[in-house]
There are 2 protein chains.
Amino acid sequence: MELRKFLSSTTELSNCEGPQDHVVLSSRVRLARNVTGRPFPGRAKKASRVETCDFIQPAIAAASAMRGGFSESMKPLQALDKQLLVERHLISREHAAKGAGSGLVLSKDETLSVMINEEDHLRMQALLPGLQVKQVWQKMDRFDTSLEKKLDFAFDSQLGYLTACPTNLGTGIRVSAMLHLPGLVLTDQVNQIVQAVTKLGHAVRGLYGEGTEALGHLFQVSNQMTLGESEADIIERIHKVVLQVIEHEENARQTLLRTKAKELYNHIGRAYGTLAHAHIVSSKETMNQLSLLRLGVKLELFKGLTTPMLDELFLLSQPAHMQELVGEKLSGEERDLHRADLLRKHLGKVKGLKLPE
Amino acid sequence: MELRKFLSSTTELSNCEGPQDHVVLSSRVRLARNVTGRPFPGRAKKASRVETCDFIQPAIAAASAMRGGFSESMKPLQALDKQLLVERHLISREHAAKGAGSGLVLSKDETLSVMINEEDHLRMQALLPGLQVKQVWQKMDRFDTSLEKKLDFAFDSQLGYLTACPTNLGTGIRVSAMLHLPGLVLTDQVNQIVQAVTKLGHAVRGLYGEGTEALGHLFQVSNQMTLGESEADIIERIHKVVLQVIEHEENARQTLLRTKAKELYNHIGRAYGTLAHAHIVSSKETMNQLSLLRLGVKLELFKGLTTPMLDELFLLSQPAHMQELVGEKLSGEERDLHRADLLRKHLGKVKGLKLPE
């Protein structure tokens, strides 16, 4: 099956609502694994990487969790295909640059994905909407266990799972939650919270991982350490810190409603007015304005507008998705026009939209 | 009659459409006159000014053109009253600072007004919508002639009408047209046009006369010289130069539609979206955004929105009018809230508003 047909047939992810999704968009677990007796991808020659990929990929694709899924080498994928996958957070930017000797397996609903020969032989990801770090870990754990019956993962009784980079050594786990924190941003408290969370040993980053700014008031919280702690402890710590951040964000939103309601309505109203009537909109502006609309929906300031609608617009308004939607290659300027058309079409027909007076 | 009752009963001016009003909002003639044998206001003691005012005002109020009008000393007028008059362009900021010894007479429809003891004994103004400099001069001339039968105006056969400031000497006339030039501003041609018009011996200024920036893409063109040329020649020259500016503005708008339609729709759509959904809006932003909506209406990009609606919002959204509308004294922040409420109420209910796709 072609990737684009596969992707366009699955919109479940963006249309799912999860627990605490007024603040937590999604929970994710990533595991790094390598098979014994084969060089790490960064140290392997091309022939070796192809051989490793050909060895690993069928085993993954055959797992029951991957039934009805998608399995392909990175080689035949076009640049736009890869960019679509990056925008859906299914592969890393680094993996998008790979070709022969690297591969990809996706489950039917896109909640499970495996990059083959990225930095490690296997980079497995499980994703669930809302705050479900424990559930997403169970999902990942089951999948990992099923693979371990077929693949001999490199493991040391002292060091744990061996990985190409020492920062992943041990559990090879990275647990993260994508948090929507407009309240903390608008009340100027977000830096303080980020610092506190960082001091507790967690990493906080913008939307697209390392080195990117926090577009759309989105922040990803993840564990820093993979060594010396069990997976269950790591999960528990992330769960707790996220609950604390949720409480701070809830308080910030209530403070805004209580003491700066008009300023809040002004931000949200202008965001709606702009996106529903502009004819040229950048991807960055779209993210920031949709973020404010999401806050409005969660504060029940809008009728006729839902979180899944906004999350879908958020996904579709990104560069590769815009081109896939229109069906042709588009320059940045052309995308800004089509993006505005998309937003006007969807937001303009919203009925009963009403901010309180 | 109280001033505020008088003003609120007259909305004809803002609801009038005139010739060429896609570019020309209004045409105005101002005449400076002084009566013989009395010192200029700036040289007179208070008692003398009061006496002069008491002598002149009844003669003006009794003129047939002022039937059903408003006549009052500046003394009893409150600060808000005066500000309302300034915002309606019926008195100057300087006259608003005056008290006993200065007066004001307005015709019923506000198209004729006389300031008594501003810089000169009489500053008379006639105003008509659209490009009607010749008609507004005829109106002013008839009124001036009717007053000359009752008042002995200081006149010298060499110098013409005597005035307090030599820049008004001779005809004492200032003819002006208020031009809406968003096309020239958006195509970056306005400075070039302003320079050309200035070289032809005319003054070009922003909305509120000397020293103010061009809010709302509004520019006032007026004659510089009052000496050595007949009134008819001055009128004719202004009329011609305004016709030329209209042509440039029309060309600029057509260029925008032809080569930058999306950018134009983007400006206008965002202006509508902002004003129809914001909860805090400054007076300055309102002027600039309403200006873009006016352009949209004149380009027939909107249904259900009319120039008189916009001109009324333009008037009502100014600081003193906002306070008069709400019925209480308001701080700047409070005005920004009430202004947004007013704009949302009026623009939000516009039906069938549609930009072309």
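In this predicted model, the side chains of A:Lys134 and A:Glu236 meet in a salt bridge, with N and O 3.2 Å apart. A:Lys134 belongs to helix H5 (residues 133-148) of chain A and A:Glu236 to helix H8 (residues 231-259) of that chain, so the pair ties together parts that are 102 residues apart in sequence. A:Lys134 is partly exposed, at a relative accessible area of 34%. A:Glu236 likewise counts as partly exposed, at 29% relative accessibility. Over all chains, the structure holds 33 salt bridges.

In chain A, a network of salt bridges links A:Glu118, A:Glu119, A:Asp120 and A:Arg123. In chain B, B:Arg339 forms a salt bridge with B:Asp336, and their closest N and O atoms are 2.8 Å apart. These two residues both lie in helix H13 of chain B, separated by 3 residues, or about one turn of the helix. B:Arg339 is buried, with a relative accessible area of 1%.

A:Asp81 lies in helix H3 (residues 79-87) of chain A. With a relative accessible area of 7%, A:Asp81 falls under the 20% limit and is therefore buried. When neighbours within four places in sequence are left aside, A:Asp81 is in contact with A:Leu3 and A:Arg4. Helix H12 (residues 319-326) of chain A also contains buried residues, namely A:Pro319, A:Ala320, A:His321, A:Met322 and A:Gln323. What covers these buried residues of H12(A) includes H3, helix H10 (283-298), helix H11 (307-316) and helix H13 (332-348) of chain A. After H12(A) comes A:Gly327, which has a positive phi, near 85 degrees.

B:Ala62 is found in the loop between helix H2 (46-61) and strand E2 (70-73) of chain B. Its relative accessibility is 58%, and B:Ala62 therefore counts as exposed. B:Ala62 and B:Val50 are 12 residues apart in sequence, and their C-alpha atoms are 19 Å apart in space.

How are the chains related to one another? Two copies of a chain are related by a rotation about an axis and a shift along it. Here, chain B is superposed on chain A by a rotation of 180 degrees with 0.0 Å of shift along the axis, at an RMSD of 0.0 Å. The two copies are thus related as by a two-fold rotation axis. Among the residues of chain B, B:Gly273 comes closest to this axis, its C-alpha lying at 1.9 Å. The same surface serves both copies, since 100% of the contact residues of chain B recur in chain A.

The contact itself takes 21 residues from chain B and 21 residues from chain A. Between them the two chains bury about 1700 Å², of which 53% is on carbon and sulfur atoms. Within chain B, the residues that lose the most area to chain A are B:Arg270, B:His277 and B:His279, which together account for 36% of what that side buries.

Which polar and charged interactions are found between the chains? There are 8 residue pairs in polar contact between chain B and chain A, counting pairs with both residues at pLDDT 80 or more. Helix H9 (261-277) and helix H13 (332-348) of chain B each supply at least two residues of the side that touches chain A. H9(B) provides the largest share of that side, 10 residues. By class, the side of chain B that touches chain A comprises 8 nonpolar, 6 polar and 7 charged residues.

The salt bridges between chain B and chain A number 3. One of the pairs forming a salt bridge is B:Lys262 with A:Asp341, whose closest N and O atoms are 4.0 Å apart. B:Glu285 also forms a salt bridge with A:Arg270, with the closest N and O atoms 2.8 Å apart. B:Glu285 lies in helix H10 (residues 283-298) of chain B and A:Arg270 in helix H9 (residues 261-277) of chain A, so this pair joins two chains. B:Glu285 is partly exposed, with a relative accessible area of 22%.

Terms used: Residues numbered from 1 in each chain as written. Chains lettered and ligands numbered in written order. Predicted model: local features only at pLDDT ≥ 70, side-chain atom pairs only at ≥ 80, totals over all residues. Heavy atoms only, no water. Contact = heavy atoms within 4.5 Å. Buried area = accessible area lost by both parts, 1.4 Å probe. Polar contact = N/O pair within 3.5 Å; in protein donor to acceptor, adjacent residues only side chain to side chain. Helix = DSSP H or I, 4+ residues; strand = E, 2+ residues; numbered from the N terminus. Nonpolar A, V, L, I, M, F, W, Y, C, P; charged D, E, K, R; others polar. Buried < 20%, exposed > 50% of the residue type's maximum accessible area, 1.4 Å probe, protein only. Least-squares fit on C-alpha atoms with pLDDT ≥ 70 in both.
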